[in-house]
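Here are my notes on this one, written as numbered points. Have the sequence and the 3D view open while you read.

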Amino acid sequence: MDFFGFISKISFSSESFASLVFFVMAALTAIVSVIFFFHWRKYGMGGIILAITELVYLGVAATLLGVAFFGIN
Amino acid sequence: MIKFEPGEEIIKVVRRHYLVMIPVILMILVLAMLPLTIYAILIADFLPLDPSIKNFVEDFFVRWKSFGYSVWLLLLWIFFFIEWTDYYLDLWVITNRRIVDVEQKGFFHREVTSFSFGQIQDITVETHGLVETLLKFGTLHIQTAGHNREIVIRDAHHPEKARSLILELQQKSKEVQ
């Protein structure tokens, strides 16, 4: 079977595709969060503003990921 | 991380005015409304679309609105914090001995320049237009003896105050010498 024949046999349901997108978004959010926190802690010189920013950023990101997760099912 | 010498004290931290974030916030708000606008346009009666297409669009939005919209908002949320990080980490630290210019150019590109008050040759404040004048922000230029480039902080909050402070500290450092 050639490559394109093999690809054409793969079928994705919309739910599987959404799950894949969700996984990619969750991974992206986690990676970007680590980079953000590294930069803010190392170069932002600490303080209450950064602590609040981290809480707000993570809170909203987690809420949106939660809504996306329940949106699939 | 900026390493300070023993006895060195931070006198002032100069950042860009928070108003520079307003265009970014407005753009993000427009982008956040974009899917809803597209949906409203597609299902509106004035578009000559086939009823089957309209039904497909309606079904698609009903089924995937929570998932799709939250993923879209999450992307915008991350984009906003990339911009905020660039804004927040771009600063000048004025200490009792020197000025440290930190320029964040993206996540993994950062330039830190420091120069003593003795190296300062000229300080210029530029304020353009009504908005900058009323809201007291502008561009600070410092010409130094030891650097090839001019050191600039754009849209600095209260640039006149920063300039006066730098001149005052420069005078004090001359007196100590």
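**Notes on the helix packing**

1. Of the 73 residues of chain A, 12% count as buried (buried means 20 or more other C-beta atoms within 10 Å of the residue's own, exposed means 12 or fewer, partly exposed is in between, with C-beta atoms placed from the backbone). Keep in mind that this is a predicted model, where local features need pLDDT of at least 70, side-chain atom pairs count only at pLDDT 80 or more, and totals for chains, interfaces and linings use all residues. Residues are numbered from 1 along each chain as its sequence is written, while chains are lettered from A and ligands numbered from 1 in the order in which they are written.

2. Chain A has 3 helices and 0 strands, in the order α-α-α along the sequence. Helices (H or I, at least four residues) and strands (E, at least two) are DSSP runs, numbered from the N terminus.

3. Helix α2(A) covers residues 14-43, so to speak 30 residues, and spans 42 Å from first C-alpha to last, close to the 44 Å expected at 1.5 Å a residue (the expected span is 1.5 Å times one less than the number of residues). Its buried residues are A:Ala18, A:Met25, A:Thr29, A:Phe36 and A:Trp40. What covers them includes α3 (48-72) of chain A and α2 of chain B.

4. Take the partner in chain A first. The axes of α2(A) and α3(A) come within 10 Å and cross at roughly 175 degrees, which makes the two roughly antiparallel. Axes are lines fitted to C-alpha atoms, for helices over the stretch in contact, with angles from 0 to 180 degrees between N-to-C directions; under 35 degrees counts as roughly parallel, over 145 as roughly antiparallel, 65 to 115 as roughly perpendicular and the rest as oblique. Among the α2(A) residues that meet α3(A) are A:Phe22, A:Phe36 and A:Trp40, with A:Tyr57, A:Leu65 and A:Phe69 among those on the α3(A) side; contact means C-beta atoms, placed from the backbone, within 7 Å. The contact divides into 15 nonpolar, 4 polar and 2 charged residues (Ala, Val, Leu, Ile, Met, Phe, Trp, Tyr, Cys and Pro are nonpolar, Asp, Glu, Lys and Arg charged, and the others, Gly among them, polar).

5. The crossing is left-handed (the near helix is turned anticlockwise from the far one by less than a right angle; clockwise would be right-handed). A:Val21, A:Val32 and A:His39 are among the α2(A) residues here, meeting α2(B) residues that include B:Phe67, B:Leu74 and B:Phe81.

6. For the chain pair as a whole, 14 residues of chain B are in contact with 21 residues of chain A. The chain B side has 11 nonpolar, 3 polar and no charged residues.

7. Within chain B, α1 (residues 22-43) and α2 (residues 51-88) pack at about 175 degrees with axes 10 Å apart, which makes them roughly antiparallel.

8. Last, B:Arg154 sits in strand β7 (residues 151-157) of chain B. B:Arg154 counts as partly exposed because 15 C-beta neighbours lie inside 10 Å. Beyond four places in sequence, B:Arg154 contacts B:Arg16 and B:Thr139.

Methods:
Two residues are in contact if their C-beta atoms, placed from the backbone, lie within 7 Å.
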